[in-house]
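Here is a short briefing to read alongside your structure.

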Amino acid sequence: GKLYSAEKSGVLYATDLASGDYRPIGEAVFGNTRFLFASAASLFSIEADGSLYRISPADGTYGRLGKAGDWANTLAGAVLDGKLYSAEKSGVLYATDLADGSWRKLGEPLFTDTLFLFASADAVFTIDQGGSLYAIETGPASSSVSSPASPASPANPASPAHPVASSPSEKSAAAVAGNLTFAFLGTWKGD
(Lines give C-alpha, C1' and ligand atoms only; values in the text may rest on other atoms or scores of the structure.)
Protein backbone atom coordinates (compact mmCIF):
# COMPACT_ATOMS: atom_id res chain seq x y z
CA GLY A 1 0.00 0.00 0.00
CA LYS A 2 0.86 3.66 -0.22
CA LEU A 3 0.50 6.66 2.04
CA TYR A 4 -0.02 10.00 0.29
CA SER A 5 0.88 13.27 2.00
CA ALA A 6 0.84 16.94 1.03
CA GLU A 7 3.67 18.85 2.65
CA LYS A 8 3.82 22.54 3.63
CA SER A 9 6.29 23.01 0.79
CA GLY A 10 3.47 22.06 -1.59
CA VAL A 11 5.04 18.75 -2.60
CA LEU A 12 2.72 15.74 -2.79
CA TYR A 13 4.48 12.50 -1.77
CA ALA A 14 3.67 8.82 -2.20
CA THR A 15 5.28 6.63 0.46
CA ASP A 16 5.52 2.86 0.01
CA LEU A 17 4.35 1.42 3.35
CA ALA A 18 6.37 -1.78 2.98
CA SER A 19 9.74 -0.22 2.22
CA GLY A 20 9.38 3.34 3.53
CA ASP A 21 10.60 4.69 0.19
CA TYR A 22 8.89 7.88 -0.94
CA ARG A 23 8.73 9.90 -4.11
CA PRO A 24 7.37 13.32 -5.05
CA ILE A 25 4.38 13.46 -7.38
CA GLY A 26 3.93 16.32 -9.83
CA GLU A 27 4.65 19.97 -9.09
CA ALA A 28 4.79 21.62 -5.66
CA VAL A 29 1.26 23.09 -5.79
CA PHE A 30 -0.36 21.41 -2.75
CA GLY A 31 0.78 23.80 0.01
CA ASN A 32 -2.79 24.88 0.80
CA THR A 33 -4.21 21.36 1.15
CA ARG A 34 -6.33 20.99 4.32
CA PHE A 35 -7.54 17.42 3.71
CA LEU A 36 -6.30 14.60 1.46
CA PHE A 37 -8.34 11.46 0.70
CA ALA A 38 -7.84 8.36 -1.45
CA SER A 39 -10.60 6.57 -3.37
CA ALA A 40 -10.24 3.94 -6.08
CA ALA A 41 -7.71 5.26 -8.61
CA SER A 42 -7.69 8.93 -7.53
CA LEU A 43 -6.75 11.22 -4.68
CA PHE A 44 -9.00 14.08 -3.56
CA SER A 45 -8.08 17.24 -1.71
CA ILE A 46 -9.96 20.01 0.00
CA GLU A 47 -7.92 23.17 -0.23
CA ALA A 48 -7.78 26.13 2.20
CA ASP A 49 -10.29 28.02 0.02
CA GLY A 50 -12.78 25.13 0.41
CA SER A 51 -12.49 23.78 -3.12
CA LEU A 52 -12.48 20.04 -3.84
CA TYR A 53 -9.97 18.62 -6.36
CA ARG A 54 -9.42 15.21 -8.00
CA ILE A 55 -5.70 14.40 -8.23
CA SER A 56 -3.93 11.75 -10.30
CA PRO A 57 -1.62 9.74 -8.01
CA ALA A 58 0.50 8.92 -11.08
CA ASP A 59 1.55 12.45 -12.05
CA GLY A 60 -0.14 14.96 -9.70
CA THR A 61 -2.38 16.53 -12.34
CA TYR A 62 -5.60 17.83 -10.85
CA GLY A 63 -8.99 19.30 -11.64
CA ARG A 64 -11.66 20.92 -9.50
CA LEU A 65 -14.94 19.14 -8.72
CA GLY A 66 -18.09 21.09 -7.86
CA LYS A 67 -18.20 24.79 -7.08
CA ALA A 68 -15.18 26.62 -5.69
CA GLY A 69 -15.44 27.01 -1.92
CA ASP A 70 -18.30 24.54 -1.32
CA TRP A 71 -16.22 22.62 1.28
CA ALA A 72 -14.89 25.72 3.15
CA ASN A 73 -16.64 24.73 6.40
CA THR A 74 -15.54 21.09 6.47
CA LEU A 75 -14.45 19.85 9.90
CA ALA A 76 -13.55 16.28 8.89
CA GLY A 77 -14.11 13.82 6.07
CA ALA A 78 -13.89 10.18 5.06
CA VAL A 79 -14.28 8.33 1.76
CA LEU A 80 -16.49 5.26 1.38
CA ASP A 81 -17.85 3.65 -1.80
CA GLY A 82 -17.02 6.56 -4.11
CA LYS A 83 -18.46 9.19 -1.79
CA LEU A 84 -16.80 11.78 0.42
CA TYR A 85 -18.66 12.09 3.72
CA SER A 86 -17.94 15.43 5.36
CA ALA A 87 -19.04 16.92 8.66
CA GLU A 88 -19.48 20.69 8.40
CA LYS A 89 -19.29 23.47 11.01
CA SER A 90 -23.10 23.76 10.74
CA GLY A 91 -23.34 20.19 12.08
CA VAL A 92 -24.63 18.79 8.79
CA LEU A 93 -23.16 15.61 7.32
CA TYR A 94 -22.88 15.67 3.52
CA ALA A 95 -22.22 12.92 0.96
CA THR A 96 -20.33 14.10 -2.11
CA ASP A 97 -20.32 11.94 -5.25
CA LEU A 98 -16.64 11.83 -6.21
CA ALA A 99 -17.50 11.13 -9.86
CA ASP A 100 -18.92 14.62 -10.40
CA GLY A 101 -18.68 16.65 -7.17
CA SER A 102 -22.42 16.80 -6.55
CA TRP A 103 -23.40 16.63 -2.89
CA ARG A 104 -26.44 16.02 -0.71
CA LYS A 105 -27.31 16.61 2.92
CA LEU A 106 -27.75 13.54 5.15
CA GLY A 107 -29.88 13.58 8.29
CA GLU A 108 -30.07 16.31 10.88
CA PRO A 109 -27.32 18.80 11.86
CA LEU A 110 -25.80 16.71 14.68
CA PHE A 111 -22.08 16.78 13.90
CA THR A 112 -20.82 20.17 15.17
CA ASP A 113 -18.47 18.51 17.68
CA THR A 114 -16.84 16.15 15.15
CA LEU A 115 -13.06 15.85 15.36
CA PHE A 116 -12.49 12.81 13.12
CA LEU A 117 -14.34 10.79 10.49
CA PHE A 118 -13.13 7.33 9.43
CA ALA A 119 -14.53 4.81 6.95
CA SER A 120 -14.50 1.02 7.16
CA ALA A 121 -16.59 -1.65 5.41
CA ASP A 122 -20.12 -0.21 5.20
CA ALA A 123 -20.03 2.53 7.85
CA VAL A 124 -18.47 5.87 8.62
CA PHE A 125 -17.21 6.40 12.15
CA THR A 126 -16.98 9.69 13.99
CA ILE A 127 -15.15 10.73 17.14
CA ASP A 128 -16.47 13.89 18.76
CA GLN A 129 -14.73 16.44 20.99
CA GLY A 130 -15.88 14.56 24.09
CA GLY A 131 -14.16 11.40 22.85
CA SER A 132 -17.35 9.50 22.00
CA LEU A 133 -17.11 7.11 19.07
CA TYR A 134 -20.13 6.54 16.81
CA ALA A 135 -20.81 4.34 13.78
CA ILE A 136 -22.95 5.94 11.07
CA GLU A 137 -24.62 3.60 8.59
CA THR A 138 -24.63 5.36 5.24
CA GLY A 139 -25.93 2.59 2.97
CA PRO A 140 -29.40 2.21 1.48
CA ALA A 141 -30.73 0.52 4.63
CA SER A 142 -30.01 3.60 6.72
CA SER A 143 -32.57 5.65 4.82
CA SER A 144 -35.33 3.15 5.51
CA VAL A 145 -34.59 2.23 9.12
CA SER A 146 -37.37 3.08 11.53
CA SER A 147 -36.56 4.47 14.96
CA PRO A 148 -35.73 1.62 17.34
CA ALA A 149 -36.45 1.68 21.07
CA SER A 150 -33.93 4.29 22.17
CA PRO A 151 -33.87 7.76 23.68
CA ALA A 152 -33.98 9.28 20.18
CA SER A 153 -37.16 10.86 18.89
CA PRO A 154 -37.96 13.57 16.35
CA ALA A 155 -38.32 16.02 19.25
CA ASN A 156 -35.06 14.89 20.87
CA PRO A 157 -32.76 13.38 18.23
CA ALA A 158 -29.69 11.57 19.43
CA SER A 159 -26.60 13.67 18.89
CA PRO A 160 -23.02 12.55 18.38
CA ALA A 161 -22.17 15.48 20.66
CA HIS A 162 -24.19 13.77 23.40
CA PRO A 163 -24.19 9.98 23.75
CA VAL A 164 -27.27 8.17 22.50
CA ALA A 165 -28.15 7.13 26.06
CA SER A 166 -26.80 7.40 29.57
CA SER A 167 -26.79 3.78 30.78
CA PRO A 168 -24.37 1.19 29.33
CA SER A 169 -27.20 -1.01 28.02
CA GLU A 170 -28.79 1.95 26.20
CA LYS A 171 -25.46 3.12 24.73
CA SER A 172 -25.40 0.18 22.34
CA ALA A 173 -28.89 0.93 21.00
CA ALA A 174 -28.97 2.48 17.55
CA ALA A 175 -30.55 5.88 17.05
CA VAL A 176 -32.05 7.41 13.94
CA ALA A 177 -31.61 11.04 12.89
CA GLY A 178 -33.18 11.91 9.58
CA ASN A 179 -31.97 9.28 7.13
CA LEU A 180 -28.89 8.32 9.18
CA THR A 181 -28.60 5.54 11.71
CA PHE A 182 -25.83 5.75 14.25
CA ALA A 183 -24.86 4.01 17.47
CA PHE A 184 -22.67 4.99 20.40
CA LEU A 185 -19.67 2.64 20.51
CA GLY A 186 -17.61 3.99 23.42
CA THR A 187 -15.25 6.75 24.48
CA TRP A 188 -11.93 7.43 22.82
CA LYS A 189 -8.98 7.96 25.19
CA GLY A 190 -6.52 9.82 22.96
CA ASP A 191 -4.43 12.94 22.98
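Setting aside neighbours within four places in sequence, Y85 touches A76, G77, A78, L80, L93, Y94, A95, L106, L117, V124 and T138. Please keep in mind that this is a predicted model.

- You will find Y85 in strand β9.
- Y85 counts as buried because its relative accessibility is 5%, and buried means under 20%.
- Y85 and W103 are 18 residues apart along the chain, and their C-alpha atoms are separated by 9.3 Å.

**The nonpolar cores**
- The largest nonpolar core has 13 residues, and Y85 is among those with the most contacts inside it, along with A87, L93, L106, F111, L117 and V124.
- Strands β8 (74-80), β9 (83-88) and β10 (93-97) each supply at least two residues of this core.
- The largest share of this core comes from β8, which supplies 3 residues.
- Another core, of 10 residues, lies apart from it and includes F44, W71, V79 and L84.

**A nonpolar patch on the surface**
- On the surface, L115, F116 and F118 form a nonpolar patch with about 250 Å² of accessible area together.
- Is F118 buried, partly exposed or exposed? Its relative accessible area is 41%, so F118 is partly exposed, falling between the 20% limit for buried and the 50% limit for exposed.

Methods:
Residues numbered from 1 in each chain as written. Predicted model: local features only at pLDDT ≥ 70, side-chain atom pairs only at ≥ 80, totals over all residues. Heavy atoms only, no water. Patch = residues over 30% accessible without salt bridge, like charges linked within 9 Å, V, L, I, M, F, W, Y side chains within 5 Å. Areas by Shrake-Rupley, 256 points an atom, 1.4 Å probe, with all protein chains shown as cover. Salt bridge = Lys/Arg side-chain N within 4 Å of Asp/Glu carboxyl O. Buried < 20%, exposed > 50% of the residue type's maximum accessible area, 1.4 Å probe, protein only. Core = buried A, V, L, I, M, F, W, Y, C linked by side-chain atoms within 4.5 Å. Helix = DSSP H or I, 4+ residues; strand = E, 2+ residues; numbered from the N terminus. Contact = heavy atoms within 4.5 Å.
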